[in-house]
Amino acid sequence: MLPNFYLYLASCVLLLALSCQVSMGTPMRTPRSLDSEKCSQCADLSRELVKNVRKLLDNENLFGGLNCSEQRVEVNSKTQTVLACEPNTNTRCSGQRNTTFSESECLRNIRIDLEHYAASLQAYKQADLSSTAQDTQNLLNICPSTQWVSSSQVADPKLTSGDPVDQRVHLCKVLKGFHLRVITISRAMGYISAGDHRK
């Protein structure tokens, strides 16, 4: 009877260990894709870009006569930046916290977003958005991802064709989406810069 008890106990412990995914090691580290200095620069540039896009949204010359705050938000639907740049923290049965984060996947999505918004800002010809477009391009140039994405991003066609009022309304929606996305990018750059996911 006693040998069956030990066999039963060993089976329970094994089952518990497998179901709780007990691990004594640390999470796998991804290769560094940005050095510390560039990470810090990227975080600073992305914070500045948040302010610049906000200024555009508040610009009376650009949106005078149009209540931009009532327009819906339109984000680039071709990326998953929010999901890719969100650190997932799981607490295991052992009480150990495990953070999973793919820096390269996050940066790849950020790059696609920035290319999309830079192309859209450059294509809009009814107002001078070149300063914000240049800030976006600077962020792209200084903060490269480990996985290069082709620069085949095209501008949003609704910003370049149709009625000028409709173009302004659409610009408002796109800028609101860009503002939200660049906040996410800024937070992700701050997280990457801090390096907590590498510990």
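Predicted model: local features only at pLDDT ≥ 70, side-chain atom pairs only at ≥ 80, totals over all residues.
Modeller: The secondary structure comes to seven helices and two strands.

Colleague: What percentage of the residues count as buried?

Modeller: Of the 199 residues of the protein, 39%. The protein exposes about 11,600 Å². Carbon and sulfur atoms supply 54% of that area.

Colleague: How much of the contact set with a separation of 6 or more comes from residues 24 or more positions apart?

Modeller: They account for 80% of those contacts.

Colleague: On to helix pairs. What describes two packed helices?

Modeller: The angle between their axes and the distance between the axes. Take helix α5 (residues 103-123) and helix α6 (residues 130-142). They pack at an angle of about 155°, with their axes 9 Å apart.

Colleague: Are α5 and α6 roughly parallel or antiparallel?

Modeller: Angles over 145 degrees count as roughly antiparallel, so α5 is roughly antiparallel to α6. The crossing of α5 past α6 is left-handed.

Colleague: Which residues meet there?

Modeller: α5 brings Arg-111, Leu-114, Glu-115, Ala-118, Leu-121 and Gln-122. From α6 come Thr-132, Ala-133, Thr-136, Gln-137, Leu-139 and Leu-140. The residues of this contact of α5 with α6 divide into six nonpolar, four polar and two charged.

Colleague: Now α5 with α7. At what angle do they pack, and how far apart are their axes?

Modeller: α5 and helix α7 (residues 164-194) pack at about 150°, and their axes are 11 Å apart. α5 and α7 are therefore roughly antiparallel to each other. Here too α5 makes a left-handed crossing, passing α7.

Colleague: Which residues of α5 and α7 meet?

Modeller: On the α5 side they include Cys-106, Leu-107, Ile-110, Leu-114, Tyr-117 and Leu-121. Among those on the α7 side are Val-174, Leu-175, Phe-178, Arg-181, Ile-185 and Ile-192. The residues of the contact of α5 with α7 divide into 13 nonpolar, one polar and three charged.

Colleague: Let's zoom in on one residue. Where does Val-174 lie, and is Val-174 buried or exposed?

Modeller: Val-174 lies in helix α7. Buried means under 20% relative accessible area. Val-174 has 6% relative accessibility, so Val-174 counts as buried.

Colleague: Leaving aside neighbours within four places in sequence, what is Val-174 in contact with?

Modeller: Glu-74, Tyr-117 and Asp-156. Take Tyr-117: Val-174 and Tyr-117 are 57 residues apart along the chain. Their C-alpha atoms are separated by 8.4 Å.

Methods: Residues numbered from 1 in each chain as written. Heavy atoms only, no water. Axes fitted to C-alpha atoms, helices over the stretch in contact; angles between N-to-C directions. Helix = DSSP H or I, 4+ residues; strand = E, 2+ residues; numbered from the N terminus. Parallel < 35°, antiparallel > 145°, perpendicular 65-115°, else oblique. Left-handed = near helix turned anticlockwise from the far one by under 90°. Contact = heavy atoms within 4.5 Å. Nonpolar A, V, L, I, M, F, W, Y, C, P; charged D, E, K, R; others polar. Buried < 20%, exposed > 50% of the residue type's maximum accessible area, 1.4 Å probe, protein only. Areas by Shrake-Rupley, 256 points an atom, 1.4 Å probe, with all protein chains shown as cover.
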